[in-house]
Structures are given as C-alpha cells and as structure tokens.
Amino acid sequence: MDAISRFLTRRQYKNLFLLGWLLLGLLQACFSELWDDEAYYWVYSRHLDWGYFDHPPMIALLIKIGYALFHNELGVRLLVVTLNTVTLWLTAKLIASKDNQLFYLIMGALGAMQIGGMLAVPDVPLIFFAALYFWAYRLFIAKQNWRNTLLLGVSMALMFYSKYHGVLLVFFTVISNLNLLRVFKFYLACIITTVLFFPHIYWQYAHGFPSLQYHLVERNASSYDISYTLEYLGGQLLLFGPLMGWLILYYAFRCPIQNTFERALKFSLIGVLAFFLLSTFKGRVEANWTVMVFTPVVILAHQAIVRKGWSRKWLLYTLPATLLLVLVARVYMVWDFMPGVEIRPEIHHNREWTSQVAARAQGRPVVFISSYQLPSKYMFYTGQLSYSLNSRYSRRSQYNFWNTETQLWGKPAMVVFDPGEGIPVTDSLKTLYGTWDYLITPNYYSYSLIQLKPAMTSLRARRGETVNIILQPHNGYMQPIPIDRSNEAVLGYGFNTKDEDLPPVKSTMTLERAVLRRLINLPVVMPDKPGEYILKFSVFAGDLPPTHNSPAIKVTVI
C-alpha cells in the first residue's frame, strides 16, 4: 500500500498520467472491433515468418504474443497499447528541461497518438523503436562503449523490423553528425544491425524482393496530381493535431539546437517530412508514413517553448476541444451512433456480416475476390477458413505468398464477389457492407502461386502485331498441382492502361503443360490502339477471373 501511495503522490502525476493513458488504451482496444489492416496483420501472426509482402514481421510477432493470452481484439492489440504507453515514458525521459504540465499539454494536443496508439499496425512499434533508437543514440554519443554500441545496433534492427521507413532516421542522423563516419564502433553497430536484420533480407531475396517492387514501383502513380501534395500537407497537420498540429510543428521547427543529439532530432524531423513531400510527386503518400518523427516533434516542441519562454495558452485553451474530439472518436469506434454516415465503416458490424456469409457458406471455405481485408475479417470473427484470390486487375497481397489454396483444391467452396465480375452466380447476399454475389463450386481450383516470369520488362510493338513472349514458369507450391479435368486451367494475358482494362485473352497453353517446361513461348496480340499499356500474364481456372501470376511488362504500341 505504501508503494501505491507513493505512486499517486503529487510528485508522481506523470506516473498517474501514463497509467491513465494505458488504461484508456486497453479499454479502447477491448471494446473496438478490428480495422481491416489489423485483421490482415492478425492473419500474418498465424503464419509467422521473417518477412511479408507489405511489411517486416514485428507487428505479426507482437500480435502473436498478445493473442496467445486473449483470443479477442484485446489480445491483438495488447502489446501495441503497452508499447504506445512506454513510448511516452521514454520520450519524456529524453527531454532535458522537463516540464510535466507542458508535456501533458503537448500529448493532449496529439489526437492521432491518443486514438491510433491502440491500433495493431506497424506504425506503433515503429514509433516505439524510433524512440528507443534515439535513446540509444544519445547514450552512444555520450559514451562509445561496447554496451551502447550493442544497444544502438539492436535498436536500429528492431526499428527496421517494424517498418522500412526507420532507415530514414538513421540516414538523417548520419547527415546531422558526419563525424560518425570516423567512429569504428558506429560501423560495428551497423554490422550488428545487418546481422540481426539478415533473416529478413534473405526472405526478401528468396521471394524476389516483393516489398521493394511494391513500394518503389507498383505504388507509383502514372502521373502527378496536385491533390497528392495537398492531401499530404493537410494530413500532417491532422496527424500532429487535430487543432494545434500546425503550432506544434512550428515550435519543433523553431527549437534552438544546443547539442549533437538535438541536431539529430531536427535533421530527422525536417528530413523525413521533406522526403515524403517530394515523394508526393511520384504518387499518393499516406499521412501516417511520418509517424516515426513523433519523438523528435514532442521533444523539440517542448524545448522550444521552455527555452524561448513562449506562451502555452493556445495549447491550454484548445485542449478541451481536442479532448472532446478525441472522446467522440473513441465513442464512435465502439458504438456506431451515426448509422448511414460512413466514417471508416470497417470498424462496425463485422460480426454481423461475417455471420451472414458463414450462414450461406454452411461450413465451406469462403474465397473473396481481390480483397485481403474481407477474408482476414471473416477468419477472425468466424474462425473458419477463408482466402483472397487476387485477379490480375488488383494489387498483390500476402495472400499471393501463402499456400492456402492447397487446403481448398478439389473441395466445395463459396466464392464471394462484387456484382459484374463475370463469374456465374449461385445467389446474392445483402449485407451491411452492400450486396455481394456468390458462387457455390463443388470443386475449387485456383493457382495464385504459379508465377510466369517474362524474359523482358518492356517492349515496343506495332498495333495488332503478334509478339512471342518467353516465360519461365515457377511452381510456388513446391509440389505437383492437381488439375480439374472437367475444366482445365490455361494460361492467358491481359492489357490495361491507367484508364481502362482490356478484355483478357486465353491461350491454348494448358497450365499442366506449362509447369512441366523450363521455358514456354506464348504468342501475344498487341492492342489495336497506339499508347502505353501494362501487360500481365494470368492463369484462367474454371469460372474464376484471371489471377495475378506475373510481373508487369510495360508495352508501347505504335
């Protein structure tokens, strides 16, 4: 009891603040349904690996540990909420001139940190391990002993295992202190990071570096749109707000630097924000990609106000309004009190729609067309097997790497899709998510893990010309594939532009013949209209749409 009394004394208001933050996060985590991406990462945790298509494996590991304790939403988010709270404690420890009241005001202004800190997404561990990295870096520049070298190397590796964006913090830290390049133990720390991160690097190599291909190539827009830049700028103000984001960023930018550590914070803040601002010229940038600068923003804004003697009245006056907005958002995440108003509809009524689908499936596995979110939610809330079959028109996901199809081959299944997909319809199902068509197939076959690697990445041809494309088939199942003799799968191709998808074309080459050969030659007829196209090769299995089975070839038709 004495320990509890000491904890709650006036001198320990910070501990009480952190405890309240933790309890609010746990309550929110317990009573809020999963967001789409959280369910997707929960499926990650059921297939633990050194890497995934979208992200490194840290979020999967955290979910795996928490879900082992609680088989519900709280289990999915348990360690994430804990890390979020520890991030605040660690950030406060890094502030030199401590002013607890000012720290509370800044944290109260950061609405996204209050709401998003309980979501089981890679951003939260990234924020935590970024704070840990800055703590290790401060120790390292103060004393370059073996312990601090090991701590710095480990913190960088953990940051990279959370999200690739962490490499930017290390880069801008080096830019802020080029003397690091003369320090032997800094190189040793980098070697430690490389050794620890090597399993993930090898996973990427073994799978053809899919994450780099997706993030650096496939996500690029075909042309610049000014909305990308405006959305990014507005998103940053909301991310560090919602009301006082502009002021907190202003304070952070104006903070007078007094030492090498703070220079790293400011270089990281400016560098990361500028890097992603420039990235908007290549495509859409999500606001949350900059969350790793949470610790630099809080520390620099705090120190700027203290050192310059600036008034904190705006933070104080707007605090009630910010907390009210946060409260409304928290309540909405638990209770859909605005039916018909679709603000993140994914967080409501998941038990209802998954139960509706399960009732029609009657124990059959459910295959959703071109959606990694829906099968993830379905498996979490029903406990039944589901799969995402990605057509050639959709983006790839981790479902393109799991061999879930082997559990479905030759068995009855229910295929769910949006109306107009061109798939035979058994019946329709009206849910809160809309009306879906579905097909009940007695013998399911699809082949997403068959890869057709073209010998070229681009070509130039005349309209209507037939070009023979050399393809290298690869059987990703690492076992002989069964064939549906009643409706044998064949290879084919399809073109698309940024504005339209041309009808897919089937060839006479059967899948069975293709996988037995080292190389195949597939004739492709070029489109009738000149222009720039994307060409992809697919497997056509039964009544299902052509699947995503090859890298893209850029085609110029003249």
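Tutor: Before we start: two strands pair if DSSP finds at least two bridges between them, and strands are DSSP runs of E with at least two residues, helices runs of H or I with at least four, numbered from the N terminus. This is a predicted model, where local features need pLDDT of at least 70, side-chain atom pairs count only at pLDDT 80 or more, and totals for chains, interfaces and linings use all residues. Residues are numbered from 1 along each chain as its sequence is written, and side-chain values use heavy atoms, with hydrogens and water left out.

Student: OK, what's the bridge partner of I469 in strand 11?

Tutor: That's L522.

Student: And how many bridges join strand 8 to strand 11?

Tutor: Six, and strand 8 (residues 466-475) runs antiparallel to strand 11.

Student: What's the strand order in the open sheet?

Tutor: The order is 6-8-11, with antiparallel pairing. Strand 6 (450-454) and strand 11 (520-525) are the edges, each pairing on one side only.

Student: Switching topic: at what angle do helix 15 and helix 16 pack?

Tutor: About 120°, with the axes of helix 15 (residues 260-279) and helix 16 (residues 294-308) 9 Å apart. So helix 15 is oblique to helix 16. Angles under 35 degrees count as roughly parallel, over 145 as roughly antiparallel, 65 to 115 as roughly perpendicular and the rest as oblique. Axes are lines fitted to C-alpha atoms, for helices over the stretch in contact, and angles run from 0 to 180 degrees between N-to-C directions.

Student: Which residues of helix 15 make the contact?

Tutor: E262, L265, K266 and L269, where contact means heavy atoms within 4.5 Å. On helix 16, the residues include P296, V297 and R307.
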